[in-house]
Amino acid sequence: AHTNPSDSGIWLRVQLQSTANIRFIEIYNREGGWWDRIVGLSVFIKQDEDVVEDCGEIEEERLVYEIACSGKGNIVELSKEGNTVLQNIAEIEVFGESKCTPFFPCFFLPIFRSLIRL
C-alpha cells in the first residue's frame with residue numbers, strides 16, 4: 001500500500017473488526033528499493049480516534065520491523081506529520097494474546113494480516 005505525497009501529513013491504518021488486546025506488530029517494508037521512505041513514521045494503537053499506546057517512531061531502514069507494543073484497541077496507525085513524500089509498505093501483521101488457561105499457555109495469535117505486494 002502507499003500514500004500520496006502531502007504537505008500536511010499522511011497515515012496508513014489497519015481497522016480491526018473489533019477491539020483486541022494487541023501485543024506486537026510486524027511491518028514489512030517494500031522490497032526492491034525506497035526503504036528509506038518508512039523512516040520517520042510513528043506507530044500507534046488507537047481505540048477509534050483516541051491514542052491508546054504510542055509505539056514509537058521507525059528510525060532506520062530495513063526490511064522487517066518487529067514492534068513490541070501492548071494496548072487494547074481497534075486501529076493500528078502509521079503516521080507522519082508535516083511535509084512527506086510518498087510512503088509505502090508491503091505488509092502489516094497485528095498479533096494479540098490468546099485466551100490463557102491452566103492447561104493452555106498464553107501465546108500470540110495473528111489478529112490481522114494484510115499482504116500487499118506492489
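Gly33 is found in the loop that lies between strand 1 and strand 2; strands here (E, at least two residues), like helices (H or I, at least four), are DSSP runs numbered from the N terminus. The model is a predicted one, in which local features need pLDDT of at least 70 and side-chain atom pairs count only at pLDDT 80 or more, while totals for chains, interfaces and linings use all residues. Residues are numbered from 1 along each chain as its sequence is written, and side-chain values use heavy atoms, with hydrogens and water left out. Gly33 has a relative accessible area of 29% and is therefore partly exposed, a class that lies between buried (under 20% relative accessible area) and exposed (over 50%), as computed with a 1.4 Å probe on protein chains only. Gly33 and Leu63 are 30 residues apart in sequence, and their C-alpha atoms are 10.0 Å apart in space.

The secondary structure of the protein consists of six strands and zero helices, in the sequence pattern β-β-β-β-β-β. Of the 118 residues in the protein, 42% are buried. Among contacts (heavy atoms within 4.5 Å) with a separation of 6 or more, 71% involve residues 24 or more positions apart.

Strand 2 comprises residues 42–47, five of the six being buried, so this strand is largely enclosed by the rest of the structure. Strand 2 pairs with strand 3 (residues 50–57) in the antiparallel sense over six bridges, where pairing requires that DSSP finds at least two bridges between the two strands. Within this pair, Val43 stands opposite Gly56 of strand 3. The two strands form a hairpin with two residues between them, and Asp48 in the turn has a positive phi of about 55°. Strand 2 also pairs in the antiparallel sense with strand 4 (residues 64–80), over five bridges, and Phe44 stands opposite Glu77 of strand 4.

Gln47 likewise belongs to strand 2. With a relative accessibility of 24%, Gln47 counts as partly exposed. Its contacts, leaving aside residues up to four places away in sequence, are with Thr19, Val52, Lys72, Gly73 and Asn74. The side chains of Gln47 and Thr19 are joined by a polar contact of 3.0 Å; such a contact is a pair of N or O atoms within 3.5 Å, of which, within protein, one must be able to donate a hydrogen and the other to accept it, and residues adjacent in sequence count only if both atoms are side-chain atoms. Gln47 and Asn74 are 27 residues apart along the chain, with their C-alpha atoms separated by 5.2 Å.

The structure holds one disulfide, defined as a pair of cysteine sulfur atoms within 2.5 Å. This disulfide joins Cys55 to Cys69 with an S to S distance of 2.0 Å. The pair links distant parts of the chain, with Cys55 in strand 3 and Cys69 in strand 4, 14 residues apart. The link of Cys55 and Cys69 is left-handed, with -75° about the S-S bond. Cys55 is buried at a relative accessible area of 19%, and Cys69 is buried at 5%.

The largest nonpolar core contains 22 residues, of which Ile22, Ile25, Ile27, Val43, Ile67 and Leu78 touch the most other members. A nonpolar core is a set of buried Ala, Val, Leu, Ile, Met, Phe, Trp, Tyr and Cys residues joined through side-chain atoms within 4.5 Å. Strand 1, strand 2, strand 4 and strand 5 (89–97) are the elements that give two or more residues to this core, and strand 1 gives the most, with eight residues. Beyond residues up to four places away in sequence, Ile27 touches Ile38, Val43, Ile58, Leu63, Val64, Tyr65, Ile67, Leu78, Ile89 and Glu91.

Glu26 lies in strand 1 (residues 10–29). Its relative accessibility is 11%, so Glu26 counts as buried. The side chain of Glu26 makes a polar contact of 2.7 Å with the side chain of Tyr28. Not counting residues up to four places away in sequence, Glu26 touches Tyr65, Glu66, Glu91, Ile92, Glu93 and Phe95.
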